[in-house]
Amino acid sequence: FQENDASVRLKIASLLGLLSKTAGFSPDCIMDDAINTLQNEKSHQVLAQLLDTLLVIGTKLPENPSVRMRLVEVACKHLTDSSHGVRNKCLQLIGCLGPVEKGVAKEAESQAAKDVQKIIGDHFNDQDPRVRTAAIKAMLQLHERGLKLQQAIYSQACKLLADDYEQVRSAAVQLIWVLSQLYPESIVPIPSSNEEIRLVDDAFGKICHMVSDGSWVVRVQAAKLLGSMQQVSSHFLEQTLDKKLMTDLRRKRTAHERAKELYSSGEFSSGRKWGDDAPKEEIDTGAVNLIESGACGAFVHGLEDEMYEVRIAAVEALCMLAQSSPSFAEKCLDFLVDMFNDEIEEVRLQSIHTMRKISNNITLREDQLDTVLAVLEDSSRDIREALHELLCCTNVSTKEGIHLALVELLKNLTKYPTDRESIWKCLKFLGSRHPTLVLPLVPELLSTHPFFDTPEPDMDDPAYIAVLVLIFNAAKSCPTMPALFSDHTFRHYAYLRDSLSHLVPPLRLPGRKLMSSAVSPSITPHEDPSQQFLHQSLERVYNFQHLDPQGIQELLEFTIRDLQRLGELQSELAGMADFTATYLQCQLLLIKALQEKLWNVAAPLYLKQNALASAAAKQILEETYKMEFMYSGVESRQVVIIHHMRLQAKALQLIVTARTTRGVEPLFGMCEKFLQEVDSFQRCFISELPHMQGSFVDKLLDLMPRLVTSKPSEVVKILQTTLRQSTFLHLPLPEQLHRATANIIEPTGESDNPLRFTSGLVVALDVDATLEHVQDPQGTVKVQVLYPDGQAQLIHPKPADFRNPGPGRHRLITQVYLSHTAWTEPCQIEVRLLLAYNSNRSKASTRIPKSTWSESLEALPPSENGIEGTIPFSKPVKVYIMPKPARR
Amino acid sequence: VSLVLCWCPGAGQDVGRSCILVSIAGKNVMLDCGMHMGYNDDRRFPDFSYITQNGRLTDFLDCVIISHFHLDHRGALPYFSEMVGYDGPIYMTHPTKAICPILLEDYRKITVDKKGETNFFTSQMIKDCMKKVVAVHLHQTVQVDEELEIKAYYAGHVLGAAMFQIKVGCESVVYTGDYNMTPDRHLGAAWIDKCRPDLLISESTYATTIRDSKRCRERDFLKKVHETVERGGKVLIPVFALGRAQELCILLETFWERMNLKAPIYFSTGLTEKANHYYKLFITWTNQKIRKTFVQRNMFEFKHIKAFDRAFADNPGPMVVFATPGMLHAGQSLQIFRKWAGNEKNMVIMPGYCVQGTVGHKILSGQRKLEMEGRQILEVKMQVEYMSFSAHADAKGIMQLIRQAEPRNVLLVHGEAKKMEFLKQKIEQEFHVSCYMPANGETTTILTNPCIPVDISLGLLKRETAIGPLPDAKKPKLMHGTLLMKDNSFRLVSPEQALKELGLAEHQLRFTCRVHIQDPRKEHETVLRVYNHLKGILKDYSVQHLPDGSITVESILIQATAHSEDQGTKVLLVSWTYQDEELGSYLTSLLKKGLPQSTP
């Protein structure tokens with residue numbers, strides 16, 4: 001710090017900051033130095049940088065209040081500096097380090113806490129906008145750290161809303177929001193009159209005001225925050241949708257109101273005249289308050305905003321408010337429906353999603369449905385599918401509405417045949433939700449006639465299937481409906497029930513004993529027995545110790561078979577059953593491989609036995625990876641056991657290699673590696689070890705001192721005995737377990753026409769797949785293309801290719817680029833999806849508690865070399881391609 | 001105290017020829033140069049002779065600013081610059097400059113060639129006039145001369161519409177022209193920063209209306225058109241060639257695209273094609289959506305909209321036709337209207353305001369039988385719809401703009417008197433600023449409080465700011481110095497320097513004041529009491545009791561003597577120099593209040 005050049009001193013200060021950031025460095029020692037230099041420093045930049053360094057030091061020493069107090073004092077001293085940069089940093093420092101603890105702190109400190117707020121509050125009026133922003137941010141920071149802000153700040157913050165600078169206004173909006181959440185019920189006076197209102201209402205009005213701010217950044221901010229102000233009274237809320245229309249001083253009804261009225265009076269198609277929106281009653285000119293009315297029409301403005309960012313924020317806010325208030329949901333429906341016609345696709349999509357979220361609270365009117373359905377013709381697939389989802393859960397009020405929806409959906413189907421699945425699903429829900437509305441439509445839909453037999457429709461027609469799906473689902477809860485069916489309808493039912501069982505529900509059909517008996521209508525009672533069964537079979541397995549080896553093997557085999565069958569029958573338990581079955585399978589393999597009989601045979605027979613054992617070891621390894629990464633909901637207890645199993649497999653591998661290889665050299669390396677792994681296992685799962693009494697690892701760790709010193713051949717011998725003696729660990733079942741699955745919808749693999757392209761160039765193959773229960777698909781899911789020559793290509797889809805239509809579900813729509821040298825004739829390539837894993841990640845996941853797992857993943861950028869291996873988790877699909885030689 | 005004078009030859013309480021003359025700090029600026037569509041004689045142009053009283057316009061006006069290309073805002077420009085004679089600069093935005101001559105030429109053709117008027121400007125005059133135009137960019141500050149500068153802000157309304165800030169020194173005026181605060185399908189919303197002008201001149205066409213959500217209107221419009229076309233009817237939409245026409249075209253075009261409709265849409269030919277060309281070019285002046293997507297596809301390259309031919313009107317089957325002019329008072333739209341009026345399947349949609357006396361106004365007010373030229377009676381059977389797609393700001397929008405700009409005064413123009421009166425009240429009540437609404441030809445004078453910039457030497461500034469608390473943006477700060485007015489410039493210098501520069505000797509100025517106090521005690525006791533009293537109050541100052549019986553507070557001297565006649569009255573002599581005036585006068589007033597009765 002003796003340097004004369006300010007820039008050098010600046011650099012030193014910043015270096016100190018970086019240094020204190022590095023772990024293991026104790027920053028206390030340089031703190032005093034830094035504070036001392038601070039007092040002598042003249043250059044503003046260096047001052048600011050020094051304060052920054054102090055900030056870092058302060059955050060590094062969270063448990064040392066006296067240091068913090070001292071730093072805060074230093075910062076307060078420098079608040080009077082003339083440079084905005086220094087003042088900025090001071091405020092930041094106070095915000096981050098200012099004392100917040102109330103209960104623990106002494107009287108003096110709580111005094112200081114108050115002071116901190118006052119000090120920051122004073123800087124709300126600083127001349128520099130950057131300092132003002134920093135002051136508000138510091139205040140917010142204090143709030144985040146748990147300090148209860150004083151209500152007195154509210155009026156100050158309100159003044160800041162009219163600031164000249166957008167960053168100040170933006171921060172002020174946030175501060176007001178925070179305050180309104182802190183003191184929702186306290187009363188504030190309205191300045192112009194004697195009335196008083198709740199603070200949250202006042203704040204709501206103010207933030208609404210900001211929705212028409214000059215800067216769009218502020219508008220977005222305000223619109224977003226509006227959504228989270230749920231305590232606001234409904235009276236205020238509803239005003240946000242009403243601009244208080246008036247023409248020529250007279251109140252006018254909104255078009256929405258008019259539409260509603262026309263609808264209820266039944267003269268919908270009548271044209272309107274020029275005077276129709278003529279004003280109704282005279283209103284008192286004094287009462288109309290054009291802008292101070294605050295909340296008035298904030299959402300109308302927000303939804304009409306020029307920037308789509310604001311519109312999206314407004315739609316989101318509407319969604320959140322509507323979810324908490326059914327009456328508001330009813331009112332905002334019109335506006336959301338209008339947003340379906342927005343010119344930006346993202347906004348349309350967002351509003352459709354919003355509508356779906358609030359659809360429980362609302363019933364669509366016919367005219368609204370009309371607008372909604374018009375969007376079905378949209379050329380964007382996302383929009384259409386979102387709309388199908390929406391229709392799945394909407395309530396329609398009339399049978400005409402249902403008919404309209406069906407007609408539009410069929411139109412959609414002919415226009416975009418690829419939407420087939422999604423439309424069927426949509427109709428399924430539509431049918432099951434509105435059985436009584438479908439009932440009167442049945443004859444028309446099936447085109448049956450009371451007297452004449454009508455021709456039988458084509459069974460493969462997707463449109464016809466769509467109609468049937470609607471009717472059958474409605475018939476499920478409407479027993480009178482099947483009476484209207486004609487003969488072929490019943491036949492088609494049987495066919496569809498088999499081929500599209502997920503869409504067609506079991507029906508109780510008259511005169512069809514077989515059907516009604518085979519399909520019991522209630523599935524729920526079944527669940528408990530099967531769950532019981534699962535547990536019972538596991539109990540049985542865990543108690544096998546006293547059985548002879550042969551018995552154990554048989555029991556395991558049976559149980560695995562049972563479990564697999566159970567998984568097929570009960571989709572809810574599939575994950576659980578598969579998981580346990582896999583585990584038992586591993587165990588079975590292990591037992592088989594370790595059968596004493598085989599190990600004792602003479603050397604010449606080693607070969608066969610070795611092959612068996614190493615294959616088993618390999619398979620166990622593979623299965624353990626699957627268990628660890630393919631199931632969502634695996635907890636750390638399971639992870640331990642899986643790792644344990646893997647360790648056993650590795651031990652087995654070691655033994656096998658020891659027996660087959662002659663030299664000692666490679667063994668050394670392997671042993672060391674194995675011991676390292678045991679070590680790391682111990683480190684990772686130290687907390688879980690007590691649960692693992694009598695297990696392989698437990699014994700191994702007892703022998704550890706001996707293992708480390710002994711020769712490889714001895715190690716192998718020890719391993720062999722421990723492995724054989726170790727007991728089988730119980731696998732505790734987690735609450736929820738789902739197996740990651742993927743289903744490639746496109747390409748279908750049925751095409752006989754090869755995809756022709758010129759060799760050397762690329763061809764794009766559209767891949768469309770649904771993924772279920774995949775965590776972080778953007779990082780893990782890959783597409784693999786296998787060429788007939790054994791060449792494999794791994795493709796990483798773009799993060800944007802993944803859509804998230806529902807919890808636990810993802811959809812991958814991407815393009816895979818293929819290329820190859822020329823072939824003489826068309827051949828098939830295989831496309832499949834892989835789940836990439838990385839055991840480093842798994843270690844991270846085990847060290848950190850489960851809740852932060854996803855965060856730690858985000859922290860680790862998914863790098864190419866981070867992938868350790870992959871698990872195929874979808875059925876491969878064959879695509880017929882034909883690279884032609886290039887023409888010269 | 002300075003004046004902003006505002007004289008409205010045309011645009012007072014009237015929708016029609018916009019023309020405002022602003023005189024600000026000695027600079028004269030003309031804002032817009034419009035004409036009235038309703039008149040066909042001299043009244044259609046503003047009366048320019050009044051401005052100069054037969055002097056030369058060029059000498060009188062510093063510049064002319066045109067806000068946008070509508071005829072009522074720049075229709076009289078060639079008449080003004082060529083026939084009356086003005087050679088100074090004319091400022092307008094780039095799109096306005098591009099589109100202006102086309103519209104002028106078109107208008108000239110209609111008046112001269114069709115109606116056969118003679119006393120009118122020629123094509124050459126339009127060209128000459130356009131040569132005088134200087135184009136400006138948004139937010140570009142243009143120095144008209146040393147003192148006068150102007151700056152354009154985005155105004156929505158039509159392509160290239162702008163609001164202008166005119167600034168001389170620290171006095172400024174913002175003229176909004178026509179503007180729109182709600183964005184639409186092809187234009188964004190007007191925006192202005194917090195420039196705090198002395199005067200905001202705002203249009204007020206919709207002073208008393210708060211409009212419904214635009215989405216409702218759009219949906220209504222599309223629904224009506226769609227229904228009519230599906231019925232097999234024809235839809236006539238009379239529009240002006242530029243502005244709303246493009247908006248509706250985009251609306252219909254996207255709708256046709258989405259719904260995959262086949263019925264043809266026509267647009268009457270001629271200047272529209274040229275104009276559409278400019279819309280394609282000036283993408284930066286449109287809204288976010290068009291700006292973002294034009295790389296893939298320019299929204300103004302219409303797929304479904306084709307040029308109209310007169311023969312098409314008799315074609316069978318449904319169609320949608322945009323035809324000019326917008327009020328059905330003449331031209332193609334009227335011809336088509338006459339052809340289609342008889343069929344109840346057809347529909348006419350009026351997308352905007354219609355002036356009284358036009359066919360449009362008549363049918364909108366419900367007249368079903370129209371008397372046409374030649375005593376024909378036309379029975380209107382077709383449906384008549386009105387739909388406001390006007391791109392003017394409504395009352396809420398106007399208030400919003402005022403809130404954004406925070407002007408000190410507001411002047412409303414371009415609206416109906418009764419409605420403006422209402423808005424005026426609202427503005428005054430809401431923002432506590434004075435609001436004016438001059439009639440045609442009336443002059444409004446607004447007093448401003450101009451700030452005069454003064455140069456200060458850095459040393460003095462630093463010295464003065466170091467004293468007292470930190471400077472605060474919201475509070476003025478008191479500084480001591482000498483104001484030198486020399487060579488037509490103002491400078492604030494330290495007293496010593498001023499003395500040196502002016503060659504004056506320094507004089508000491510001392511104030512003395514006698515304060516009588518009723519106190520029967522001895523002199524030195526009185527002094528002691530005064531001393532204790534002052535010491536108790538003035539804690540921050542050094543108060544000393546000198547051995548010779550006097551008190552000093554900083555450099556102020558206080559002596560006490562007994563009154564010559566009345567021993568019970570003591571005379572306190574307070575003396576201070578000019579520099580300590582503040583403290584001195586405070587002390588005197590303090591002493592005049594007397595001493596506290598009980599002395600400690």
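Entry 1. I began with helix α24 (residues 462–475) of chain A and helix α25 (residues 487–499) of chain A, whose axes come within 11 Å and cross at roughly 90°. The model is a predicted one. Angles from 65 to 115 degrees count as roughly perpendicular, and α24(A) and α25(A) are therefore roughly perpendicular to each other.

I then listed the residues in contact. From α24(A) I noted A:Tyr464, A:Ile465, A:Leu468 and A:Phe472, which meet A:His488, A:Thr489, A:His492, A:Tyr493 and A:Leu496 of α25(A). Sorted by class, this contact between α24(A) and α25(A) holds six nonpolar and three polar residues, and no charged ones.

Entry 2. Next I took helix α17 (residues 345–358) of chain A with helix α19 (residues 381–392) of chain A. I find that their axes come within 9 Å and cross at roughly 10°. The limit for roughly parallel is under 35 degrees, so I put α17(A) and α19(A) down as roughly parallel to each other. The crossing of α17(A) past α19(A) is left-handed.

Which residues of α17(A) meet α19(A)? On the α17(A) side I wrote down A:Glu345, A:Arg348, A:Leu349, A:Ile352, A:His353, A:Met355 and A:Arg356. On the α19(A) side they meet A:Asp382, A:Ile383, A:Ala386, A:Leu387, A:Glu389 and A:Leu390. By class, I have seven nonpolar, one polar and five charged residues in the contact of α17(A) with α19(A).

Entry 3. I moved to chain B and looked up B:Thr58, which lies in helix α2 (residues 57–60) of chain B. Setting aside neighbours within four places in sequence, I find B:Thr58 in contact with B:Gly85, B:Tyr86, B:Asp87 and B:Gly88. B:Asp87 is 29 residues from B:Thr58 along the chain, and I read 5.6 Å between their C-alpha atoms. The B:Thr58 side chain reaches the backbone nitrogen of B:Asp87 at 3.2 Å.

Key:
Residues are numbered from 1 along each chain as its sequence is written. Chains are lettered from A and ligands numbered from 1 in the order in which they are written. This is a predicted model: local features need pLDDT of at least 70, side-chain atom pairs count only at pLDDT 80 or more; totals for chains, interfaces and linings use all residues. Side-chain values use heavy atoms; hydrogens and water are left out. Axes are lines fitted to C-alpha atoms, for helices over the stretch in contact, and angles run from 0 to 180 degrees between N-to-C directions. Helices (H or I, at least four residues) and strands (E, at least two) are DSSP runs, numbered from the N terminus. Angles under 35 degrees count as roughly parallel, over 145 as roughly antiparallel, 65 to 115 as roughly perpendicular and the rest as oblique. A crossing is left-handed if the near helix is turned anticlockwise from the far one by less than a right angle, and right-handed if clockwise. Contact means heavy atoms within 4.5 Å. Ala, Val, Leu, Ile, Met, Phe, Trp, Tyr, Cys and Pro count as nonpolar, Asp, Glu, Lys and Arg as charged, and the others, Gly among them, as polar. A polar contact is a pair of N or O atoms within 3.5 Å; within protein, one must be able to donate a hydrogen and the other to accept it, and residues adjacent in sequence count only if both atoms are side-chain atoms.
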